[in-house]
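Subject: Structure handover

Hello,

Please find the structure below. My notes on it follow.

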Amino acid sequence: MESLHPRIRLLWIAQAAVGAAIVGLIAAGVDSQIRELPAAVPVGAGLVVFLVGVVYAVLLYGRWHFDLREDSLYLERGVITFVETSVPFVRVQHVDTRFGPIERALGLSSLVVYTAGSRNADVRVPGLTPERARKLQDTLRDLAVESEGDDAV
Amino acid sequence: MNRLHPLSAVLMALNRGVTGLFLGFVFATVLAAVFDPVSGFWTVVAAPTGFLLGAAYGVAYYYRFEYELTADTFDLASGVFARRDREIPYHRVQNVDVRQGVLFKLFGLAIVNVETAGGGATEGVLNFVGEDEAQRLQREIRRLTAESKRRRRKGGTATDAESADDLEWVDPDALETGEDRPGEAIDPPGAADPEPAERAEGATGSEPAEGRTEPAEGATDDVTEPIDPDEGPRAVRGERLDDDADLEDGAIDTASGPGDERIDTAAGSGDWAVDDEPVFADEYRTRRLFELTARELLLYSFASFRFAAAAAVFFFAFVAGDSAMEVVLATAQPFGGPETIATGTPRGYAILTLVSLFYGAVLTYVVGAGFTFVSYYGFQLGRAGDDLVYERGLLQNYSGSIPVGKVQSVTITDNPLQRLIGYAGLWVETAGYGPDSSGGSQSAIPLATERRAYRFAERFTDLERPTMERPTSVARRRYLARYSIVAGLFVAAVYGLSTVTPIAGWQYAALAFLAVPPAAHLKWIHLGYYVGENHVVIRSGFWRRQTTVIPYYRVQTINTRRSIFQRRLGLASLVVDTASSQTFFRGTPTVYDADLAVARSIHDDCRERLQTALAKRAADEDAGEIEFD
């Protein structure tokens, strides 16, 4: 089974940093507008969020795996709830590759697989190199185009 | 790669510019309010800067938005900072929709929406292109879709999403009696043999002597049951008129035209052939499958609970406030309630609360029963062509149709009271095709004897009789722990309440723990699953038990989920997702808390049997027959 690119941890950590900054900002806002807080509170709150985010990122990286199997795309991931997902190729509606600004800076890209199921865009593989994502997209597209079945909708 | 219409760049720039202006303003204002060094003057700078940045973004977005029609897929690439590359295979396209407002018409512009199945937003939006380009796109996508379908068909393995949907139909007589259908013995000789000659033979056996009903007119009284047992049910099939029809130009899709299809199942289960000649006149004939009798209607009204009816009770209390209050006070007094609402002891008020809750519950129940009675009065379900049609309602007539080919799964529901009297209801889920606003779930049988409901489900889905299995008793232990925690929280809450109010005797709240073991047991006992040849059946719920039948063919994705608690106990929940749209009350069908090994094996079974079902379907289609499974 394939792991994600190690740099994905940096992305998750960066996201945690953004979250920490927002929490810190909110605490600062409370401090100035609503009631006085000890100076350590905004910093501490931000720091806690950041550290939890770092631990989470490291754990999540260790648990994220995906695999192209004979008839389906298989993914497993999750820290609190561990989820194993099978997406039969015949059920692939369409495939996106996408990257946000941070992902672009890190040279990463995500693959998003859509099915007609009620959990439509549930299947997302982050942390791929752009080439790998592109290749996966091509593979899945070919499999979806050639697949014998329909989407059963 | 193509770009959008240049005017869209202008519009986008303006649009994003205004957004940028607004964001800059808000951002500077907030910063100025929070941080002292930031002064209000910043907004004067930030707002125009925001506008410029937004406009620049809008222009950049235009230049970064590209679309292309390739041989197999419709490609879209978009995004300035965040990029998205999307490839939509043509045969997944459901409809291409061109929109033109008045202004757009004036300037010769149009918005093109390309939709595929599945929820969520429109998958491909071209906002906006020139009129000619819109028409070209619509034409080209249609052509390429047809081409890709033909290519796939030539490959000898293709199936057609829209025509590959049919099902064995149900003999109402069998449903009425609960016995095996009498028609079994007099099957058309070639029921198991898909030769055209026999097909015709089977068809001649079914003269159209059956009753007709016109749902639109609501003339339900003169419907007659088929009287001739020889006749058997006949599924008529004509050309389908739905959204997708416009994608399949008749000319390019003769393979799935009317008259080319028949229904068949394995020998022994009995079946009837479809007319070979086109039957447009018959398209609108309805064959009745189920009618809610007066007895069933009354049982359904009184044995179902509608919590939404509480809203009506609130309304009633609001309108008739004073007189309602008097009644409540008068009832509460013998039990120690207060004389008036203004005077009273805490104990008195507590009793008053209990009494009004009681009234509320009774009223909710009565209003709910009345609502059920009125809205399900005269319910009947029939089949017309490829659709299930239903109608119901006393004051307001509801009627609608459910395309059979869109049915994703079938669910049998019952509540404790219904189980006690041995009744159950049946719902069908479609892919977001809900004729009701209630999503894609529609009542096919509001209430019938449990046996009949299950029989209907079996016939409807061609399901072998399921023998439900139960997750390991470790699951029960988990619920024991879970409910103990809930009871503990309840006791803590009551204790907390007793410290701030004069209510005494919080210790009695500990009685809640007595309810924990039965609750855990009941939750566990009503869990079940069955992994069949063609279907997986999933059951859960005590108050509103649902038994969902999912054909493997309809499976979209399969998930095995394990929370940290489940991992400790070696349990897992298996989620089987279909394309049926979810409603608030109806989660995705889930096998809860099965042993990990069991969950994984069901996971693999579902995955493998989907492939088997697909292969079987493809083979059947090659042989010129299709069945719903």
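A salt bridge is counted here when a side-chain nitrogen of Lys or Arg lies within 4 Å of a carboxyl oxygen of Asp or Glu. By that rule the structure holds 26 salt bridges over all chains. This is a predicted model, in which local features need pLDDT of at least 70, side-chain atom pairs count only at pLDDT 80 or more, and totals for chains, interfaces and linings use all residues. Residues are numbered from 1 along each chain as its sequence is written, chains are lettered from A and ligands numbered from 1 in the order in which they are written, and side-chain values use heavy atoms, with hydrogens and water left out.

One salt bridge joins Arg134(A) to Glu87(B), with the closest N and O atoms 3.0 Å apart. This pair crosses between chains: Arg134(A) sits in helix 4 (residues 130–146) of chain A, and Glu87(B) in strand 3 (residues 83–89) of chain B. Helices (H or I, at least four residues) and strands (E, at least two) are DSSP runs, numbered from the N terminus.

Next, the helix packing. Axes are lines fitted to C-alpha atoms, for helices over the stretch in contact, and angles run from 0 to 180 degrees between N-to-C directions. Angles under 35 degrees count as roughly parallel, over 145 as roughly antiparallel, 65 to 115 as roughly perpendicular and the rest as oblique. A crossing is right-handed if the near helix is turned clockwise from the far one by less than a right angle, and left-handed if anticlockwise.

- In chain A, helix 1 (residues 8–33) and helix 2 (residues 40–63) pack at about 160° with axes 8 Å apart, and are therefore roughly antiparallel. Their crossing is right-handed.
- In chain B, the axes of helix 1 (residues 6–34) and helix 2 (residues 42–64) come within 6 Å and cross at roughly 150°, so these two helices are roughly antiparallel. The crossing is right-handed.
- Also in chain B, helix 9 (residues 321–332) and helix 10 (residues 346–376) pack at about 120°, their axes 9 Å apart; they are therefore oblique to each other. Helix 9 of chain B passes helix 10 of chain B in a right-handed crossing.

Two backbone details in chain B may be worth a look. Most residues other than glycine have a negative phi, and most peptide bonds are trans. The peptide bond from Asn127(B) to Phe128(B) is cis, with omega near 5°, and Phe128(B) lies in strand 6 (residues 124–130) of chain B. Asp462(B), not a glycine, has a positive phi of about 60°. Asp462(B) is in the loop between helix 12 (450–461) and helix 13 (474–500) of chain B.

Regards
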